[in-house]
Amino acid sequence: MSELACEPCRIAVELRVAGRLHPLTGHWVMNAAIGWDARPWFVVQTAVHRASLADLDDAEAAELGPVSRAITRAVTEATGAERVYFQLLNEAQPPHVHFHVIARLPADPPGVRGPALLGTPGPAGGPSPEIAASVAARTVAILGS
């Protein structure tokens with residue numbers, strides 16, 4: 001399958017060219033979600049196409065726990081989030097393993113929890129390229145400590 005046939009792979013190629021795809025490890029990359037609301041929202045995905053978690057190689061699987069912990073900490077530090085949601089939706093066709101990393105902020109109304117957060121706009125401005133670069137750098141630093 002061509003990388004360009006997969007939406008997450010196509011987006012990753014475009015963001016890599018634009019300097020907005022951030023490597024976290026040799027197997028995982030992240031970016032600020034594009035085309036979503038203005039909430040701090042990031043995407044973590046495998047660096048190469050993988051259709052499901054069952055398809056991860058041993059190194060990718062071994063890094064998934066540390067990457068998820070590190071980016072959750074980094075998003076909390078960068079945004080002041082009260083909670084950070086780390087969700088695998090993986091419904092794109094063809095599928096590609098990618099996680100949505102979404103900040104729930106102190107200013108979010110009390111009724112905005114869990115799935116209700118997905119349709120709730122965040123503060124104006126959203127996840128800027130600078131915030132994404134900061135989250136990526138913090139994630140890499142946490143992974144290295």
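Predicted model: local features only at pLDDT ≥ 70, side-chain atom pairs only at ≥ 80, totals over all residues.

Me: What share of the residues counts as buried?
Reply: The chain has 145 residues, and 42% of them are buried. The cut-off for that label is under 20% relative accessible area. The accessible surface of the chain is about 7,000 Å². Carbon and sulfur atoms supply 58% of that surface.

Me: What share of the contacts comes from residues 24 or more positions apart?
Reply: Take the contacts with a separation of 6 or more. Residues 24 or more positions apart make up 61% of them.

Me: How does the reach of α3 compare with the span expected at 1.5 Å a residue?
Reply: Helix α3 covers residues 129-144, 16 residues in total. From first C-alpha to last it reaches 22 Å. The expected span is also 22 Å, so the two values are close.

Me: What makes one face of α3 the buried one?
Reply: Start with the residues. Ala132, Val135, Ala136, Thr139 and Ile142 are buried in α3. Looking down the helix axis, these buried residues fall within an arc of 130°, so they line one face. On the other side, Glu130 and Gly144 are exposed.

Me: What does the buried face of α3 pack against?
Reply: The buried residues of α3 pack against β1 (22-23), β2 (28-32), β3 (41-46) and α2 (58-79).

Me: What about α1: how do you know that its buried residues line one face?
Reply: Helix α1 spans residues 7-17, with Pro8, Cys9, Ile11, Ala12 and Leu15 buried. Seen down its axis, the buried residues fall within an arc of 160°, so they line one face. They pack against β2, β3 and β5. Just after α1, glycine 19 has a positive phi of about 75°.

Me: What is the strand order of the sheet, and which strands are its edges?
Reply: The sheet is open, has five strands and runs β1-β2-β3-β5-β4, with antiparallel pairing. The edges are β1 and β4 (83-88), as each pairs on one side only. Helix α2 packs on the sheet and touches β2, β3, β4 and β5 (98-104). The direction of α2 makes about 145° with that of β4.

Me: What makes β1 and β2 a pair?
Reply: A pair needs at least two bridges. β1 and β2 are joined by two bridges and run antiparallel, so they pair. Histidine 22 stands opposite methionine 30 in β2. Proline 23 has valine 29 of β2 as its bridge partner. A hairpin through four residues connects β1 to β2.

Me: And how many bridges join β2 to β3?
Reply: Five bridges join these antiparallel strands. In one of the contacts across them, methionine 30 has valine 44 in β3 as its bridge partner.

Me: Why is β2 called mostly covered?
Reply: Five of its five residues are buried. Trp28, Met30 and Ala32 point one way, while Val29 and Asn31 point the other way.

Me: Proline 40 sits in a loop; is it buried or exposed, and why?
Reply: The loop in question lies between β2 and β3. Proline 40 has a relative accessible area of 9%, under the 20% cut-off, so it is buried.

Methods. Residues numbered from 1 in each chain as written. Heavy atoms only, no water. Buried < 20%, exposed > 50% of the residue type's maximum accessible area, 1.4 Å probe, protein only. Arc of directions from axis to C-beta. Contact = heavy atoms within 4.5 Å. Areas by Shrake-Rupley, 256 points an atom, 1.4 Å probe, with all protein chains shown as cover. Axes fitted to C-alpha atoms, helices over the stretch in contact; angles between N-to-C directions.
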